[in-house]
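Please read the points below alongside the sequence and the model.

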Amino acid sequence: MLLEWISSFPRFDGRWGIKLGLERMEALLERLGNPHRQMRFLHVAGTNGKGSTCAYLASIYQQAGYRVGRYTSPYIMHFYDRISINGRDAEEEKLAVCAEKLKPHIREISETELGQPTEFEVITLLAILYFLEQKTDLVVWETGLGGRLDATNVVTPLISIITNVGLDHVLLLGPTIEAIAAEKAGIVKNGIPVITAAVSPALEVIAERAKEAQAPLFVLSRDFTYNRLRYSLAGQAFDFRSANSEFKQLEIAMLGEHQCQNAALAVQAVLLLAKNGQLPVSEQALREGLQNTRWPGRLEIAGQQPLVLLDGAHNPHGADALANALGELLEGRKVRLVIGILQDKLLPGVVDPILPFAESIVVTAPNTPRAATVQEVAAFLRERTDVPLRQIARVADAVKDAVDSAKPEHIVLVTGSLYTISEARQFVCGKG
């Protein structure tokens with residue numbers, strides 16, 4: 001019943017860009033008594049790395065003894081894992097109670113000039129009510145799309161984090177890095193510290209917005225740094241240094257240098273908030289929180305013999321990060337590639353960095369109207385590579401075929417979309 005009600009709302013109302021969504025959110029929150037103003041948020045935006053950075057922050061604060069809410073999107077295994085507290089997915093019954101509080105206000109708002117809220121707005125409102133009802137100490141809060149006009153941007157956080165800026169969602173956010181950076185910099189609030197790993201030209205846009213908002217800005221490689229010490233399929237370690245702090249041998253289990261960057265952003269945020277007298281965290285909690293962090297579908301090892309890797313890279317920036325990680329971790333070994341892509345992601349920048357690692361390809365398609373067909377993807381790839389290529393419509397069948405036909409020493413890589421990864425992970429986990 002709850003999911004049917006949520007899915008009855010439009011996914012996109014065509015009016016994005018004129019602030020109607022934010023006005024609706026603010027009007028509904030006011031009718032609810034502005035519950036978000038009773039809570040503490042850490043707001044995270046960026047093209048890639050948002051979910052991983054949120055995972056590091058949530059794990060660290062949970063290890064420190066806080067009751068931590070985490071809101072991310074999209075879900076990986078099922079709807080309720082996008083809303084969690086201390087790693088436990090939201091409970092349907094408790095979300096349903098929040099929905100009953102929300103329904104009369106939505107009915108009233110829908111009859112005004114503000115109109116009916118979108119599905120994402122409803123889910124965001126449910127998350128706020130749920131986290132308040134469950135008495136969280138803080139909420140790690142991931143943007144859905146962009147930042148400036150995103151439904152999550154109704155909060156005034158303790159800190160804002162912009163992981164990075166790359167080309168993605170260009171039809172909505174703009175065709176250039178600068179335009180996209182301006183949308184993501186929209187989460188910057190007056191006087192609230194901002195942390196980023198963005199580089200030029202996005203960094204200049206973010207810096208200008210921070211200056212306008214008189215928001216202290218902390219930039220990776222300028223105000224804080226990490227030095228990667230070692231890496232393998234078992235994990236990696238790095239040193240961290242900022243103006244007032246230094247930590248040696250911080251260990252993380254997540255793979256790829258980009259995860260060191262995400263972890264460094266989280267460490268800087270934790271240290272800054274502690275320095276400001278907010279949310280103190282011990283060094284032991286910091287270290288254990290980092291080491292315990294897991295985030296599904298981000299260069300995740302999902303099987304052994306053959307080694308099965310799942311990665312949700314779906315834009316050029318993410319594909320580059322995946323290719324860099326494969327280059328250093330696989331030591332020249334090739335992969336059996338299983339790939340399913342969304343229609344709007346059929347771009348050379350999404351596939352070209354990964355194709356040199358493929359010895360064979362299985363083309364599939366996730367179960368979403370947004371997916372490109374296997375025929376479209378296959379034709380697209382055949383123009384770019386001559387390795388053996390097969391088409392298997394269902395993701396689970398494609399993964400099964402790749403795994404069953406692989407020898408123990410082979411590597412199976414599933415990538416192209418978080419929707420593809422979700423279905424692949426359900427198959428792998430269900431297989432046991």
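In this predicted model, strand 1 is covered on both faces, with Phe 41, His 43 and Ala 45 buried on one side and Leu 42 and Val 44 buried on the other.

**Pairing of strand 1**
- Strand 1 pairs in the parallel sense with strand 5 (residues 138-142) over 4 bridges, and within this pairing His 43 stands opposite Trp 141 of strand 5.
- Strand 1 also runs parallel to strand 6 (residues 159-162), to which 4 bridges join it, and here Val 44 has Ile 161 of strand 6 as its bridge partner.

**A buried arginine**
- Arg 24 is placed in helix 2, which covers residues 20-31, and it counts as buried because its relative accessibility is 0%, where the cut-off for buried is under 20%.
- The side chain of Arg 24 is joined to that of Glu 121 by a polar contact of 2.9 Å.

- An open sheet is formed by 3 strands in the order 9-10-11, with antiparallel pairing, and its edge strands, strand 9 (224-232) and strand 11 (246-252), each pair on one side only.
- Neighbouring strands of this sheet are turned against each other by 20° on average, direction ignored.
- Strand 9 pairs with strand 10 (residues 235-242) over 8 antiparallel bridges, and Arg 230 has Ala 237 in strand 10 as its bridge partner.
- Helix 9 (residues 257-275) lies across strand 9, strand 10 and strand 11, and runs at about 40° to strand 10.

Terms used
Residues numbered from 1 in each chain as written. Predicted model: local features only at pLDDT ≥ 70, side-chain atom pairs only at ≥ 80, totals over all residues. Heavy atoms only, no water. Pairing = 2+ DSSP bridges. Helix = DSSP H or I, 4+ residues; strand = E, 2+ residues; numbered from the N terminus. Axes fitted to C-alpha atoms, helices over the stretch in contact; angles between N-to-C directions. Contact = heavy atoms within 4.5 Å. Buried < 20%, exposed > 50% of the residue type's maximum accessible area, 1.4 Å probe, protein only. Polar contact = N/O pair within 3.5 Å; in protein donor to acceptor, adjacent residues only side chain to side chain.
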